[in-house]
Amino acid sequence: MGLIRKLTGGLEKRYKICTFLAPIAMLGEVCMEVIIPIIMAKIIDVGIASKNINYVSKTGLIMVLAACFSLTCGVLSGRLAAVASTGFAHNLRRKLFSKVQSFALSNIDKYGTASMITRLTTDVTNTQNTYQMLIRICIRSPVMLISATIMACMINAKLAITFFLAIPILAVVLSIITTKAFPKFKEMLRRYDSLNNELQENIAGIRVVKSFVQEEKETKDFHKTAEGLRNAQVKAEKIVIFNMPVMQIMMFSCIIAILWNGGNMVISGTMQTGELISFVTYVTQILTSLMMISMIFVMLVLSRASISRILEILDEIPDIKDSENIDTTQVIEEGSVEFKNVSFSYNPGIAPDVLTEISLKIPSGATVGIIGGTGSSKSTLVQLIPRLYDTTQGQVFVSGKDVKDLPLTTLRNSVAMVLQKNMLFSGTIKENLLWGNKNATDEQISQACQVADAEGFIQSFPDGYQTELGQGGVNLSGGQKQRLCIARALLKQPKILILDDSTSAVDTATDSRIRTALKSTLPKTTKIIIAQRISSVMDADIILVMDNGKLVASGDHEKLVQTCSIYKEVFESQQKGNK
């Protein structure tokens, strides 16, 4: 019951009603199908045997009406089950997507993007198909099996022993198939994850693939992964395909035995022809029901693997969330930041720390530059401020308050980040900018774009702010995307603005204009700028120098040139490169 509540929790009332009515309609269909063979036997043994055409006509009309009612119930049940299962899938995908949105980055890193896409698509579809089957076939087959068995035994209990002998054999076969197939299907779904991951990487990086002329290599790699998926699927299917032949052999063997024994009974006069025909019909219904039940077992094997993967997401506890007794009325009044003995590891206890004993204070309204080599954990450091990750040791304070004591929504609304990878979404330029503030006026949007030095190129487009962007902003240059992302962040009117190497794709003149505009228009906002170019941070109030996850020096430009060898070396090398 707990599993059902997890999967169906939040299901809309109309879908619950359809889920309830579909089996009821199915019962109507089954009842008519069980009655029809008896009516047919009466037509043969009473009407035709006595040559009573009036009886045959009346009874035949009743059988036609029963068949029509059965058809109506079947169609209605199918319709209701389809509506219920699509509603179930919609609700389940919504729950999964909502849960993923609550994940911290560490949770997302744990599963990987491709795996979560597979769980939201393929796994949900498998579960949807099973749900639809359960509310139809799981009602139809057992009821049909029991009803047809009772009717067959009422007609001739001795002859009914024939198909009773087949049931234990089928049960053994099904248990073997179920046990062997489950791990194979789980491996198949893992292969789906790998395929989706390779496909996602290739499409996202198609420009790199083409620039290095690696199409052939990527094609071979994809074929190899696809072949691995095919082989895993074949191994799984090899097991379950035994189900149908075994069922058919048992079904046809039973029918042959019944026709042989039943025919002898008809000849000896201990059984009527109509009774034998109706008995064969009931046996067919019984064996067909058993075959459907075996199909249910096969579907349950496949869906069991999918359901376990779905439950992993639903049961996952976000690593970062608000505490239960947090004061949601708190506000962040200013943008001061303090790190106190902060250390961080992506896998505590397994991987080494990437940040070690960081302690620093940033006053509100200051402009801070961060310089360091690749892998010095500059980006990791600033991601601790809005709690994209949590510290392994130590504390981070914003506006004098521990970030863990602040509501996540309040904290993240006060911090605007422009990340290294500039992410824009399908839609217009204006729609992307409104992510920063959905209530922003045209004047505010224009002002933010002017500060980000984006107004000029936006107005150069025929449709201006209504220009449609491709997925990820593919129809913009790298510098244009960076400037739009900066404008979007400015519309949040944040207390803290973090620019993570976000002007690397613009020229030095544009970079200088953006920094000058930020300083004049956001005097009270704390600005943290991560950069590779010394020129981007040399005017900052404080410059932090990082190396191998440690803060090795801090101060203004003049001080660091005199006292920090790392900073001086980078500065001099860039100065020579500019000559």
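Tutor: Let's start with Lys 217, which is partly exposed because its relative accessible area is 42% (buried means under 20%, exposed over 50% and partly exposed in between, with a 1.4 Å probe and protein chains only). The model is a predicted one, in which local features need pLDDT of at least 70 and side-chain atom pairs pLDDT 80 or more, while totals for chains, interfaces and linings use all residues. Residues are numbered from 1 along each chain as its sequence is written, and side-chain values use heavy atoms, without hydrogens or water.

The partner of Lys 217 is Asp 221, and the closest N and O atoms of this salt bridge are 2.8 Å apart (a Lys or Arg side-chain nitrogen within 4 Å of an Asp or Glu carboxyl oxygen). Asp 221 is also partly exposed, since its relative accessible area is 28%.

Elsewhere, salt bridges with shared partners join Glu 29, Glu 33 and Arg 140 into one network. Within it, Arg 140 bridges to Glu 29 with closest N and O atoms 3.3 Å apart. That pair ties together distant parts of the chain, with Arg 140 in helix 5 and Glu 29 in helix 2, 111 residues apart. Both Arg 140 and Glu 29 are buried.

What of the two helices that carry this pair? The axes of helix 2 and helix 5 come within 9 Å and cross at roughly 30° (lines fitted to C-alpha atoms over the stretch in contact, with angles from 0 to 180 degrees between N-to-C directions). Helix 2 and helix 5 are therefore roughly parallel (angles under 35 degrees; over 145 is roughly antiparallel, 65 to 115 roughly perpendicular, the rest oblique).

Glu 316 counts as buried because its relative accessible area is 10%, whereas Lys 110, at 56% relative accessibility, is exposed. The total by this rule is 15 salt bridges.

Terms used. Helices (H or I, at least four residues) and strands (E, at least two) are DSSP runs, numbered from the N terminus.
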